[in-house]
Amino acid sequence: MKRICAWCNKELPPASTENNTGELISHGICDACEDSLSSAPRKTAGQFLESLGDAVFLVGAGGRIVSANSAARAIVGKELTAIEDRLSGDVFECANADLPGGCGKTQHCKACAIRNSVNTARATGKGVKRAPAHQDVKTPNGIQRRNYLVSTERVGDSVLLRIDDVA
């Protein structure tokens with residue numbers, strides 16, 4: 001079996017095709033790439049989200065927002081401190097989040113495309129791309145329907161929620 005570095009595609013010398021757990025391996029990393037990656041400065045979650053450019057929320061367990069980049073914060077019109085550790089329905093000002101039970105606990109939540117996309121990505125690892133979603137949101141002018149295209153991707157125990165379009 002030919003082995004190549006997963007980062008630079010340099011051919012690696014022959015090695016055992018099993019790791020210490022007995023599982024077969026078919027890829028690796030060369031010494032130069034390993035040194036480069038291990039010495040690279042680590043980014044915080046916020047720095048990583050900012051580098052994405054698109055409006056992205058990091059959603060943790062239970063649908064709580066962990067972090068968001070500036071583009072995402074602009075959509076909801078809130079500073080990071082006002083959205084951290086809050087349920088996504090509260091962050092987006094979903095009108096249904098004020099009903100008894102709150103965000104995630106009303107009959108309307110079962111049909112919420114944003115919530116379902118995040119939960120599916122977390123549970124199965126299968127994200128969605130540009131799924132249509134809508135919410136009735138509280139605005140200074142009353143309740144208004146807001147349409148979104150959302151994409152999700154699981155990252156560890158969290159989910160990246162990208163808002164692709166707002167209308």
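# Pockets, strands and loops of a predicted model

The lining of the largest pocket is made up of 9 nonpolar, 7 polar and 3 charged residues (nonpolar: Ala, Val, Leu, Ile, Met, Phe, Trp, Tyr, Cys and Pro; charged: Asp, Glu, Lys and Arg; polar: the others, Gly among them). The model is predicted: local features need pLDDT of at least 70 and side-chain atom pairs pLDDT 80 or more, while totals for chains, interfaces and linings use all residues. Residues are numbered from 1 along each chain as its sequence is written, and side-chain values use heavy atoms, without hydrogens and water.

The volume of the largest pocket is about 310 Å³. Among the 19 residues of its lining, Cys94, Asn96, His108, Cys112 and Gln135 are the closest to the centre of this pocket. A pocket is an open set of points on a 1 Å grid over the protein atoms alone, with protein on both sides within 12 Å along at least five of seven lines; a cavity is a set where a 1.4 Å probe fits but cannot get out; and lining residues have an atom within 4 Å of a point. Points are joined across faces, edges and corners, and a volume is the space filled by probe spheres set on them. Helix H4 (88-91), helix H5 (113-124) and strand S3 (131-139) each give at least two residues to the lining of the largest pocket.

These elements belong to a chain with 5 helices and 5 strands (DSSP runs numbered from the N terminus: helices are H or I with at least four residues, strands are E with at least two). Along the sequence, the elements of the protein chain follow the order α-α-β-β-α-α-α-β-β-β. The protein chain has 167 residues, of which 34% count as buried (buried is under 20% relative accessible area, exposed over 50%, partly exposed in between, with a 1.4 Å probe and protein chains only). Of the contacts between residues at least 6 apart in sequence, 33% join residues at least 24 apart (a contact means heavy atoms within 4.5 Å).

The second largest pocket holds about 170 Å³ of space. Its lining consists of Phe48, Leu52, Asp54, Val56, Val128, Ser151, Thr152, Glu153, Leu160, Leu161 and Arg162. Helix H2 (45-52), strand S4 (142-155) and strand S5 (158-166) are the elements that provide two or more residues of this lining. By class, the lining of the second largest pocket contains 6 nonpolar, 2 polar and 3 charged residues.

A search of the whole structure finds 1 cavity of 30 Å³ or more, and the largest cavity has a volume of about 50 Å³. Val59, Gly63, Ser88, Ile114, Arg115, Val118, Asn119 and Leu161 line the largest cavity. Helix H5 supplies the largest share of this lining, with 4 residues. The lining of the largest cavity divides into 4 nonpolar, 3 polar and 1 charged residues. Leu161 is named in the lining of the second largest pocket and also in that of the largest cavity.

How do the strands at the end of the order pair? Strands S3 and S4 are antiparallel and are paired over 9 bridges (two strands pair if DSSP finds at least two bridges between them). Within this pairing, Ala133 stands opposite Tyr148 of S4. A hairpin with 2 residues connects S3 to S4. Strands S4 and S5 also run antiparallel, joined by 8 bridges, and Val155 has Ser158 in S5 as its bridge partner. The hairpin of S4 and S5 has 2 residues between the strands, and Gly156 in the turn has a positive phi of about 65°.

Thr139 belongs to strand S3. Thr139 counts as buried because its relative accessibility is 19%. Its side chain reaches the backbone oxygen of Gly142 at 2.5 Å. Apart from neighbours within four places in sequence, Thr139 is in contact with Gln144 and Arg146.

Two loop residues complete the description. Glu93 lies in the loop between H4 and H5 and has a positive phi of about 65°, although it is not a glycine. With a relative accessible area of 25%, Glu93 is partly exposed. Arg130 is found in the loop between H5 and S3. Its phi is near 55°, a positive value in a residue other than glycine. Arg130 counts as partly exposed, at 44% relative accessibility.

Technical notes
A polar contact is a pair of N or O atoms within 3.5 Å; within protein, one must be able to donate a hydrogen and the other to accept it, and residues adjacent in sequence count only if both atoms are side-chain atoms.
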